Amino acid sequence: MPTVYWYLSVSFVLAAIGLYGLVAKRNLIRMLISVELVFNGALLALLSFSSTSAASKPTGVVLALLAISLAAAEVGVVVSIAILMFRVKRSLDVFELTESRG
Amino acid sequence: MLGPIEIFEALMFLLVTPGLLIPLVDRGMREERSGGYGFLGYLGVAVLVAALILTLTLALELSSLGQRVFAFEDTLLFDRYSAYLGVLVSLGTLLVAVASIPEVKGWSTAPSFYSLILLTLAGVLAMLFVSDMATLLSAWTLVAVASYVVVGLKKDDPRSLEGAAKYGLMGAASSSLMVLGIAVLVGLTGTSFLPESIRISGFQMSLILVTLIVLVASFGFKLGIFPFHAWLPDVYGGVHPLLVSYIAGVVKMAAIAGILRMVLPLVASTGPQNWLHVLGLLAVLTMTYGNMVALVQKNVQRMMAYSSIAHAGYLLVGFAAVADPLSRVTGLQGVVLHLTTYVLAKVGVFVGLAYLIRRGLGTTLEDMRGIGRRMPALSLGIAVLLLSLMGMPPLLGFWSKFTYLFLSVVDTAPWLTLIAILNSGISVGYYAQVIRYMFFKEGGGEAPAERASDPEVAVVVLTAILSVVLGLGLAQPIAEAFGP
Amino acid sequence: MSLPIDLTSLVFFATSALAVASAILVVSHRSLVYAAFFLDVLGTANAVFFALLGYPLVAVFQLTVYVGSAVTFILFSVVMFKDVPEPPVPLKEFAAVTIALIAAALLVTFHSFSGIFPQTQAVEMEELTRLVVDKYWFALLLSILSMATTLIEAITLARREV
């Protein structure tokens, strides 16, 4: 049976891949998807950590449910802004304007 | 007499009800009224005046009570320190709302603007008093989702949208990292409660340091601490300054609250040396970067964005001082005083820049050339605020920065004090540049004259007066009445 | 979950492989649509982990709210952006090495958890309801408020009309 450490390892690998995507990409949606990778890793870490003792499991569930709704709300807002930005600029490159502005 | 808990409940009710009802004001209403959405501005200001009175009562009551009050099944903890910060955010929001009336009344998004600033304020106030990670997570969500769109409210402005997109993305990154930090804390403590001092036993130091770094990173994204600052200049420097005044002056307090309630309790477990090294290093990097880059800016709004990064660095000096029990009190008093300086100055300066834009000027140094002659009150106000940020005696910024923040670490980490003072010296270079352009450069004859009836001018003058008055002997009483 | 021990390990390792593979594809696949699709796969794999750890409720919530709405929303909106070019970013290799080092450091740091087996019995629904209603009611209220705020923003963005 896998130990807590195995679950933690998977979660850290997921979060690390997500962080790489966040710093190595410049497309808004790709960066958002990468952030969601970090979030999935964090959520798995939260539930693995709180399953180390029976006493902390209920807390873990409450925190996880709140965190999932948090992520869903944030995704909704950021994607809506991205759609609007794409309609105006025809681009999702978040660094473009910065460079021209100097 | 209402107790702290009742006041807080009244405050939430006061902010949330209009916050949820204002968006129901329909477009049809605007066509009937010639004044646009101006009436919403007055409504928002009225609600915020009441909120300011309530937070002030809360702070004074907690200060005279002299003890902490747990509430809502121990998920909230009221103390005078956070209550004072609550007064600051209420004041900041009120000032932004007053200044927004002439500008925002023409926006089709005006109802959302007033609704979202009230809801964000409710979230920030809840965030200031959390003592449980579940409440912290949901208060943080409220602040986050409400503030992303505030940045994008300016119509016909692609930079406003781009700023909102970047702000939202970095906010999401910050939230994800915070969930990771919460995960590790739950793993180490087994509970979601956030006590005054989190004691972690039976784990290696490296684990605790990882927790500290993840949490500092997640709040650092919002504050603009050095390696996590990349989005900040574009948002603070590119979006309409009126919206920035709200983001910089008010929303930032949510991240400060997070540090106060979730990061500072870790100090006992990390040990003084580790704490001082991690936070001191971040402070040095953040303020040096912010000041260096601000020096070469030609656009005052972008300059102020980098100056915000520098000021996040100064605040970190105060947080670093928490390592030692002796310097802890001075450091935290410095944080609360410097936040007062910061909120007054940033709200004032960004509102001033918004006024320049509304009167058809830009925000570059060239645009501000000689405006001291045509807009004397506004320019004088901005100059006082800049001098306060710079730390010129006897303004509030001098006391908060030099006598509290920087001196707090002089015994434990003299190198940090030295670097901070050097940094303040560098910052004179760009603040003085703005003042020089406003008053001592020829030109600007065609600039429009200010009108005494413009609320923006009143806000700038008021914040400047407060920075002067609080500097005249009131810094120490505030620090003692509302210190940790 | 009361799977036999061998089967639990088997499911765990298969799901891990799937999760890591889809995570790599999320950041590296040329097409944004596929990247969003693999995020969907990853979310589902995560739900399997939650079920294995003894959180059936969170697993269901993850599938319905997160995978079902949030990620699907990304997936559908991405269809709009399919022709967006992705310019390269400098210092990619440097970032990759740094982050690999961070991940390795984390793995070493948390090695002390290697002897601990997860408590896989599920949390009683009744206990959970009591906890939320009695202790975390204010957090719940704030979450509901956040959802209402998202609705306000939907109105705002619609009214902004670009």
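This is a predicted model: local features need pLDDT of at least 70, side-chain atom pairs count only at pLDDT 80 or more; totals for chains, interfaces and linings use all residues.
**Exercise 1. Find how far apart the end C-alpha atoms of helix α19 of chain B should be, then say what the helix packs against.**

Solution. 
- Step 1. Helix α19 of chain B covers residues 455-471, which is 17 residues.
- Step 2. The expected span is 1.5 Å times one less than the number of residues. This gives 24 Å for α19 of chain B.
- Step 3. The end C-alpha atoms of the helix are 24 Å apart, so model and expectation agree.
- Step 4. Now the burial. Buried residues of α19(B) include Val457(B), Val460(B), Ala464(B) and Leu470(B).
- Step 5. The buried residues of α19(B) pack against α4, α14, α16, α17 and α20 of chain B.
- Step 6. Look just past the helix: Gly473(B) has a positive phi of about 90 degrees.

**Exercise 2. Describe the side of chain A that touches chain C.**

Solution. 
- Step 1. Count the contacts: 63 residues of chain A meet 74 residues of chain C.
- Step 2. Locate them. On chain A, α1, α2 and α3 each supply at least two residues.
- Step 3. α3(A) gives the most, with 22 residues.
- Step 4. Sort this side of chain A by type: 42 nonpolar, 14 polar and seven charged.

**Exercise 3. Compare chain C with a compact globule of 162 residues.**

Solution. 
- Step 1. List the elements: chain C has six helices and zero strands.
- Step 2. The globule would have a radius of gyration near 15 Å, but chain C has 20 Å.
- Step 3. Check the box: the C-alpha atoms of chain C fill roughly 50 × 40 × 25 Å along the principal axes.
- Step 4. Check burial: 35% of the residues in chain C are buried.

Conventions. Residues are numbered from 1 along each chain as its sequence is written. Chains are lettered from A and ligands numbered from 1 in the order in which they are written. Helices (H or I, at least four residues) and strands (E, at least two) are DSSP runs, numbered from the N terminus. A residue is buried if 20 or more other C-beta atoms lie within 10 Å of its own, exposed if 12 or fewer, and partly exposed in between; C-beta atoms are placed from the backbone. Two residues are in contact if their C-beta atoms, placed from the backbone, lie within 7 Å. Ala, Val, Leu, Ile, Met, Phe, Trp, Tyr, Cys and Pro count as nonpolar, Asp, Glu, Lys and Arg as charged, and the others, Gly among them, as polar. The radius of gyration is taken over C-alpha atoms; the globule rule is 2.2 Å times the number of residues to the power 0.38.
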